[in-house]
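Please read this briefing alongside the sequence and the 3D view. The notes are grouped by topic.

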Amino acid sequence: MTTTTDAPVLELRDVRKTYPGGVTALDGVDLTVRRGEVVVIVGPSGCGKSTLLRTVNGLEPLTGGAIALDGSQITGSGTRWETVRQRVGMVFQSYELFNHLTVLGNLTLAPVRVAGTPRAKAERRGLELLARVGLADKAGSYPRELSGGQRQRVAIVRALAMQPEVLLLDEITASLDPEMVREVLDVVVELADNGMTMLVVTHEMGFARAVADRVVLMDRGRVVEEAEPEEFFTNPRSDRARAFLQTFTYTRSTRRAGPDVSAEPAAEG
Amino acid sequence: MSPDVLLEHAPLFARAAVVTVRIAALGILGALTVGLVCAAVEHFRVPVGRQAVRAYVELARNTPLVVQLFFLYFALPKVGVVWSGEACAIIGLTFLGGGYMAEALRSGLDAVDASQVDGALSLGMSRGAALRHVVLPQGVAVAVPALTANVIFLVKETSVVSVVALPDLMYVAKDIIGSSYDTREALTLLVVAYLVILLPVALGARALEGRWRRAGLGS
């Protein structure tokens, strides 16, 4: 993680999102991601972190504020999102692999159809990427034939096949069985070590701590704390951050514990 | 039942079968085209267009083909639109089948998770490319059993086109019965002719369903 430079790749300024029904998901978010940096966003469910990720590649239109990619604004009426999205890859919680295509077909569809890469070249690159995540032997398989962890690794390299400058990872381990989480996170850590710029939303605090250059805590559509991972996890500044981190440390409630509990009549279940 | 009589009438049925197949093929092609456009309009919730499609689908599916043909053949000339019997039959079949195909394709497209489009868009695909390369292949695979059922249904529906004076299989059978009273032979040939047309269609449809399930839904 020494590859971080000062050049900002993503700059979010006062980003706002209010749904037509009046619900405010993002209430003025400022965030900068520099080249080679891994920024991890954490926060309680519904705090707007996934919405924020989706605004960066235009899957969720803004209702206020601005986003710049490499210094040029990408929010506004003239934005060609097709072009922006080729530079900003995204990996989803539920993979979104194309079930009618083989693994290799998933990896080559966008390079061939969107970027105009010759099929043979796209396939060669696809096979290289699969080998990198240990799935070279699955090139001809269909997504249905893979485990969740394998599918998510395919989804990651599918995004990489477009050679994006930034990768958005939206709770990519949230629908995985616990024993498959590691194989996916290992891939992400390797990407981080190779200098990939990433904006990551996760509930895995251990992962956040391991991979992040910076941790951002969001609550109710705002950034409430931004810190280096060690500082965030060992010495959080805000009460909100302390309260949030406490939810991850399970301690047995003292109210119901203790020897007198068994002496009580079974009043409640 | 006399084999000689069967042989005597067989060429008439062979010629009529060509008419039936031609009308069915063109009508089904038209129905698929209309159905695809309507399904896309509904799937993308195009304002106004969507309501128009709904109205059309209900009208097409809830009126008999005979009535639609009468309308095209006898009512439209009153306002200056004159079409031949064959044109009326093909347009009528397109009108009727379009409604059924639209429903089959729409439910297929709707069966594809909307987040698949997010996946496609996130790779830089346009909405059109996402529809063509991601949603359609999966949606059509879901719709194939309904589509092939519609195809068979539409071939059978051609049996009413004689009302607009087209010499199809049904017309020839009725003609023979009326003129020579060879009722049993005529009806036997009629059944055989429809089976000769429809059995290969049904077998082809089954093979197609298997193939599409594998190709469209990833085995």
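A:E96 is found in the loop between strand 6 (88–91) and helix 3 (103–113) of chain A; helices (H or I, at least four residues) and strands (E, at least two) are DSSP runs, numbered from the N terminus. This is a predicted model, in which local features need pLDDT of at least 70 and side-chain atom pairs count only at pLDDT 80 or more, while totals for chains, interfaces and linings use all residues; side-chain values use heavy atoms, with hydrogens and water left out. Residues are numbered from 1 along each chain as its sequence is written, and chains are lettered from A and ligands numbered from 1 in the order in which they are written.

- Most residues other than glycine have a negative phi.
- A:E96 is not a glycine, yet its phi is positive, at about 55°.
- A:E96 is buried, with a relative accessible area of 6%; buried means under 20% relative accessible area, exposed over 50%, and partly exposed in between (1.4 Å probe, protein chains only).
- In chain B, the residue B:R45 has a positive phi near 50° and is likewise a residue other than glycine.
- B:R45 sits in the loop between helix 1 (3–43) and helix 2 (49–61) of chain B.
- B:R45 is exposed, with a relative accessible area of 52%.

## Chain A as a whole

- Chain A contains 10 helices and 10 strands.
- The C-alpha trace of chain A spans about 75 × 45 × 40 Å along its principal axes.
- Chain A has 269 residues, of which 51% count as buried.
- Contact means heavy atoms within 4.5 Å; among contacts in chain A between residues at least 6 apart in sequence, 68% join residues at least 24 apart.

## Cavities

- Rolling a probe the size of a water molecule over the atoms shows where empty space is left.
- On a 1 Å grid over the protein atoms alone, a cavity is a set of points where a 1.4 Å probe fits but cannot get out, and lining residues have an atom within 4 Å of a point.
- Grid points are joined across faces, edges and corners, and a volume is the space filled by probe spheres set on the points.
- The count comes to 3 cavities of 30 Å³ or more.
- The largest cavity holds about 50 Å³ of space.
- Its lining consists of A:L129, A:R132, A:V133, A:V157, A:L160, A:V187, A:E190 and A:L191.
- Helix 4 (119–132), helix 5 (148–160) and helix 6 (178–193) of chain A each supply at least two residues of this lining.
- Helix 6 of chain A gives the most to the lining, with 3 residues.
- By class, the lining of the largest cavity has 6 nonpolar, no polar and 2 charged residues; Ala, Val, Leu, Ile, Met, Phe, Trp, Tyr, Cys and Pro count as nonpolar, Asp, Glu, Lys and Arg as charged, and the others, Gly among them, as polar.

- A:F233 lies in helix 8 (residues 229–234) of chain A and is buried, with a relative accessible area of 15%.
- Not counting residues up to four places away in sequence, A:F233 touches A:M205, A:A208, A:R209, A:V215 and A:L245.
- A:F233 and A:V215 are 18 residues apart in sequence, and their C-alpha atoms are 9.1 Å apart in space.
- B:F70 belongs to helix 3 (residues 65–75) of chain B and counts as partly exposed, at 39% relative accessibility.
- B:F70 touches B:A75 and B:V163, not counting residues up to four places away in sequence.

## Regions listed in UniProt

- UniProt lists residues 10–245 of chain A as "domain: ABC transporter" in an unreviewed entry; UniProt positions are given in the numbering used here, feature names are shortened, and annotations may be inferred rather than shown by experiment.
- The span 10–245 of chain A is 38% helix and 25% strand, and its end C-alpha atoms lie 27 Å apart.
- For chain B, UniProt places "domain: ABC transmembrane type-1" (unreviewed entry) at residues 17–202.
- Residues 17–202 of chain B are 80% helix and 0% strand, with end C-alpha atoms 17 Å apart.

Note on methods: 1 Å grid on protein atoms, 1.4 Å probe; cavity = no way out; pocket = protein on both sides within 12 Å on 5 of 7 lines; lining within 4 Å.
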